[in-house]
Amino acid sequence: MRKFFDMLSNLRPKQLLALAGGLAILVFLIFYLALTFYIKTLIPVNPEPAEPIDEEGINKEIKMKTVVVAAGNIEPKSMLISRLLETQEFPEDTLPRDAVTDIADIANKPAKERIFKGDVITYSKVYQNPDQAGFVGSIPPECRAISININDATGVSGFAKPGDYVDVILVEKTDELVTSRLILQNVLLLSINQNMGVNGNAENEEDESTVNPETKAIDNPALATLALRPEEVLELVSAAKLGEIYLMLRPLVPQSDYITGAQYTLETLKEKTKPVPTEERPVEVAPTTPERIAEAKPPRIKIYYGDSEELKDTNEDTNSDDNNEQK
């Protein structure tokens, strides 16, 4: 052993480096051969594919299941239209429990959250009832939302609540007539005072224990938001410029859904007391004919002075008498 160390001490640095490299290669080959032999003894040359084993040790096959996935990125509250959905197969054990298996179950329903392309769509990611999507979810697809000013009188004293159906009345007033007519019927009331709930204002929540919220009026109604078709929106906006708008609350089960020819006109008091104009007749003027002129002259009298006589008008006689009296 001493000779071996003496020989190593006489080697040059390059020789020592080469010797170390050779030893390292030799050690690597030994470990590689030993590991290869060990693996071959554990694994057969042509192994058969192993089947999955459940907890009880019973062999079973991998079951595949068809589910609905997103064919593209879907934004929150956007409608799940057919072109954004597709089906794919996945191992059943890797799928969430509420995975959607039929496109028809979620078609044309709003998404609760952002869904990325390729994600498995679950029922928890979709609003099953569009009303749950917030205010926009409560608007019927064919309608638009519009607000009008109301007060205690025009808003049925606050008893008209979101979810109720109302009729809309226009009252027009002129100097002579007052006309009321039914312009819209069976209209869905979406909100009152920016409140979609049925309990009225949040300020009065403390009284809900003693007052039934279904029968409690909304305090100080100021704005009513209605769901109308676009053409009805234009009619309501134009009518609001002509007169005052009233809401008429419909019963739970009305006797008739629509009323035709609902209009009433009343004459104002000013119109009833207005004096009746009299017909002016033209004044007849007699024609100025020579006969009329002769008839209009005062009569003459005869005055005798001895043997002579003189004709004088009566006007001249009276004038002369007046002059004599003044003298």
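**Reading the fold**

Analyst: A hairpin of three residues joins strand 4 to strand 5. The model is a predicted one. Strand 4 and strand 5 run antiparallel, with eight bridges between them.

User: Which other strands does strand 5 pair with, and in which sense?

Analyst: Strand 5 is joined by five bridges to strand 8 (residues 263-267), and the two run antiparallel. Here Leu177 stands opposite Glu267 of strand 8. Strand 5 also pairs with strand 6 over four bridges, again in the antiparallel sense. In that pairing, Leu189 has Leu226 of strand 6 as its bridge partner.

User: How should I look for a nonpolar core, and which residues have the most contacts inside the largest one?

Analyst: The general idea is that in soluble globular proteins, nonpolar side chains tend to be buried together. In this model, the largest nonpolar core has 21 residues, and those with the most contacts inside it are Ile148, Val168, Ile183, Leu226, Leu228, Leu236 and Ile245. At least two residues of this core come from each of strand 3 (144-149), strand 4 (165-173), strand 5 (177-192), strand 6 (223-228), helix 3 (230-242) and strand 7 (244-249). Strand 5 gives the largest share, five residues.

User: What does Leu226 touch, leaving aside residues up to four places away in sequence?

Analyst: Among the residues that Leu226 touches are Ile146, Ile148, Val166, Val168, Val187, Leu189 and Leu236. A second, separate core of twelve residues also exists, and it includes Val68, Leu80, Leu84 and Ile115.

User: Which residues of helix 3 are buried, and how are they arranged around its axis?

Analyst: The general idea is that an α-helix has 3.6 residues a turn, so residues three or four places apart point the same way. In helix 3, the buried residues are Glu232, Val233, Leu236 and Ala239. Seen down the axis of helix 3, these buried residues fall within an arc of 135°, so they line one face of the helix. They pack against strand 3, strand 4, strand 5, strand 6 and strand 7. The face of helix 3 turned away from the buried side carries the exposed residues Leu234, Lys241 and Leu242.

User: How many aromatic pairs does the structure hold, and how are the rings placed?

Analyst: The structure holds one aromatic pair. Phe28 and Tyr32 form this pair, which is stacked, with 6.4 Å centre to centre and 20° between the planes. Both residues lie in helix 2 (residues 13-42), four residues apart, about one turn of the helix.

User: Does Phe28 count as buried or exposed, and why?

Analyst: Phe28 counts as exposed because its relative accessibility is 56%, and the cut-off for exposed is over 50%.

User: What do the figures for the whole protein show?

Analyst: The protein has six helices and ten strands. Of its 327 residues, 22% count as buried. Among contacts with a separation of 6 or more, 64% are between residues 24 or more positions apart.

Note on methods:
Residues numbered from 1 in each chain as written. Predicted model: local features only at pLDDT ≥ 70, side-chain atom pairs only at ≥ 80, totals over all residues. Heavy atoms only, no water. Core = buried A, V, L, I, M, F, W, Y, C linked by side-chain atoms within 4.5 Å. Buried < 20%, exposed > 50% of the residue type's maximum accessible area, 1.4 Å probe, protein only. Contact = heavy atoms within 4.5 Å. Arc of directions from axis to C-beta. Phe/Tyr/Trp six-rings, centres within 6.5 Å; stacked < 30°, edge-to-face > 60°. Pairing = 2+ DSSP bridges.
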